[in-house]
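Visitor: I'm new to this structure and would like to learn how to read it. Could you walk me through it, feature by feature?

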Amino acid sequence: MSSLLSSSEIEFYNTNGYLILENFVPSHVCNLLREQAKHLINEFDPGEIKTIFSTKDQRHSKYQYFLDSGDKIRFFFEESALDEKGELKREKVLCINKIGHALHDLDPVFYSFSRSHKLAMLVNDLRISNPLFVQSMYICKQPHIGGEVTCHQDSTYLYVKEQPVTGFWFALENATLANGCLWAIPGGHRTPLKSRMFRNTSVEHYDKTPWELNKMTPLEVKQGSLIVLHGLLPHMSKENTSAQSRHAYTLHVMSGDCEYPSDNWLQRPNMPFSGFC
Ligand code: FE2
């Protein structure tokens, strides 16, 4: 397979733990994905799950809904999108925080997009052998209510011992300081894993020293950019206080030559992980 990345791009990624590839996705494809997500949300009937998200004491049900989502297309609300009776405070498409976690397998549009030859080339350049998709997410980061995502390493949630997962973050709209772009600590991927979340939702802490947030740099990108994120890279995003949404599609990929732990939160008992073909 021919290569996509230059040697300086590979070096940048190895040094910093992230890489921005501008114009990776044409704008009409970004818009197609946005339209498809909108269609899925419009088709989705919130029904019973509104009560799960509206009351604070539904923690167990909320977790179960999340834990069972590895091989499904499920919808997660922004925290402040529902009132105490479970009624949406505004239009449904403006209430969804994210859709996860098997869009790449179950939705034809996201299926095709995720398996592009260009992404396969990139994955090959990153030396991910026998790549498998672990999860996909469509993240809305809604105007005014899009919540903060605190600093974390993706390997906390998707742990793979031999070779950490790699995240692919596609900006389907411009991501700016105002609408809650990603922030990351350059070179922070050399930090050992600080904590790990298990299937039973317990979290094991290996290093409780706080993140050096003063080392964070904003990753503002234009629509169509792809940000590649090493699984150990500390990253975060702030609240979206602007009137603009910040839609993104993300994929996490692991090498099929590694073992995927059976005590990670994400399990797919009825659907094995798939790859590019
Ligand atoms: Fe993340």
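Visitor: Let's start inside. How many residues does the largest nonpolar core have, and which have the most contacts inside it?

Guide: One thing before that: this is a predicted model. Now the general idea: in soluble globular proteins, nonpolar side chains tend to be buried together. Here the largest nonpolar core has 58 residues, and Leu-122, Phe-168, Phe-170 and Val-228 have the most contacts inside it. Helix 2, residues 27–43, gives the largest share of this core, with 6 residues. There's also a second, separate core of 18 residues, and Tyr-18, Cys-151, Leu-182 and Ile-227 are among them.

Visitor: Leu-122 sits in helix 7, I think. Which residues of helix 7 are buried?

Guide: A handy idea for helices: an α-helix has 3.6 residues a turn, so residues three or four places apart point the same way. Helix 7 covers residues 117–125, and its buried residues are Leu-119, Ala-120, Met-121, Leu-122, Val-123 and Asp-125. Just after helix 7, Arg-127 takes a positive phi of about 60 degrees.

Visitor: Let me step back to the whole chain. How many helices and strands are there?

Guide: The protein chain has 7 helices and 13 strands. Its radius of gyration is 18 Å, close to the 19 Å that the globule rule gives for 277 residues, so the chain is as compact as a globular protein of that length. Along the principal axes, the C-alpha trace spans about 55 × 40 × 40 Å. Buried residues make up 54% of the 277 residues.

Visitor: And what do the contacts say about sequence distance? What share of them join residues at least 24 apart?

Guide: Take the contacts between residues at least 6 apart in sequence: 83% of those join residues at least 24 apart.

Visitor: Now a single residue. Is Glu-259 buried or exposed?

Guide: The cut-off to keep in mind is that exposed means over 50% relative accessible area. Glu-259 has 59% relative accessibility, so Glu-259 counts as exposed. You'll find Glu-259 in the segment after strand 13, which is 248–255. Not counting residues up to four places away in sequence, Glu-259 touches Val-160, Glu-162 and Met-254. Glu-259 and Glu-162 are 97 residues apart in sequence, with their C-alpha atoms 7.9 Å apart in space.

Visitor: Where is Leu-132, and what does Leu-132 touch?

Guide: Leu-132 is in strand 4. With a relative accessible area of 22%, Leu-132 is partly exposed. Leaving out residues up to four places away in sequence, Leu-132 touches His-252, Val-253, Met-254, Gly-256, Phe-273, Ser-274 and Gly-275.

Visitor: I'd like to look at the backbone too. What phi does Thr-201 have?

Guide: Thr-201 has a positive phi of about 70 degrees, although Thr-201 is not a glycine. Thr-201 is in the loop between strand 8 (195–197) and strand 9 (203–205), and is partly exposed at 23% relative accessibility. Beyond its neighbours within four places in sequence, Thr-201 is in contact with Tyr-63 and Leu-67. His-144 is another residue other than glycine with a positive phi, near 70 degrees. The place of His-144 is the loop between strand 4 (131–139) and strand 5 (149–152), and His-144 is exposed at 53%.

Key: Residues are numbered from 1 along each chain as its sequence is written. This is a predicted model: local features need pLDDT of at least 70, side-chain atom pairs count only at pLDDT 80 or more; totals for chains, interfaces and linings use all residues. Side-chain values use heavy atoms; hydrogens and water are left out. A nonpolar core is a set of buried Ala, Val, Leu, Ile, Met, Phe, Trp, Tyr and Cys residues joined through side-chain atoms within 4.5 Å. Buried means under 20% relative accessible area, exposed over 50%, partly exposed in between (1.4 Å probe, protein chains only). Helices (H or I, at least four residues) and strands (E, at least two) are DSSP runs, numbered from the N terminus. The radius of gyration is taken over C-alpha atoms; the globule rule is 2.2 Å times the number of residues to the power 0.38. Contact means heavy atoms within 4.5 Å.
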